[in-house]
Amino acid sequence: MQLTDDSVVSHPVLAALEGRTCTFCEEGELLQGSFKGNDAVICDACGTPGAQVW
């Protein structure tokens, strides 16, 4: 079975962290994205990953 962009499943840890306040800059919000090729939640203000999975 091949995955397409429409069937991408979020990791439960990343889903739980999405929308939380960044603990590094406290000004941004964590959003799901990619960091160094890994699925992650990344601060929209400072770009620091709050968590990543590989």
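Residues up to four places away in sequence being left out, Cys43 is in contact (heavy atoms within 4.5 Å) with Cys22, Cys25, Gly28, Glu29, Leu30 and Thr48. The structure is a predicted model, in which local features need pLDDT of at least 70 and side-chain atom pairs count only at pLDDT 80 or more, while totals for chains, interfaces and linings use all residues. Residues are numbered from 1 along each chain as its sequence is written, and side-chain values use heavy atoms, with hydrogens and water left out.

Cys43 also belongs to the largest nonpolar core, whose six residues are Leu14, Cys22, Leu30, Val41, Cys43 and Ala51. Such a core is a set of buried Ala, Val, Leu, Ile, Met, Phe, Trp, Tyr and Cys residues joined through side-chain atoms within 4.5 Å. In soluble globular proteins, nonpolar side chains tend to be buried together.

Asn38 is part of strand S2, residues 38-43; strands (E, at least two residues) are DSSP runs numbered from the N terminus. With a relative accessible area of 18%, Asn38 is buried, a class that means under 20%, against over 50% for exposed and in between for partly exposed (1.4 Å probe, protein chains only). Neighbours within four places in sequence aside, Asn38 contacts Gly33, Gln52, Val53 and Trp54. The side chains of Asn38 and Gln52 are joined by a polar contact of 2.9 Å, that is, a pair of N or O atoms within 3.5 Å, where within protein one must be able to donate a hydrogen and the other to accept it, and residues adjacent in sequence count only if both atoms are side-chain atoms.

Gly50 lies in strand S3, residues 49-53, and is partly exposed because its relative accessibility is 40%. Residues up to four places away in sequence not being counted, Gly50 touches Leu30 and Val41. The C-alpha atoms of Gly50 and Ala40 are 7.4 Å apart, the two residues being 10 residues apart along the chain.

How values were computed
Helix = DSSP H or I, 4+ residues; strand = E, 2+ residues; numbered from the N terminus.
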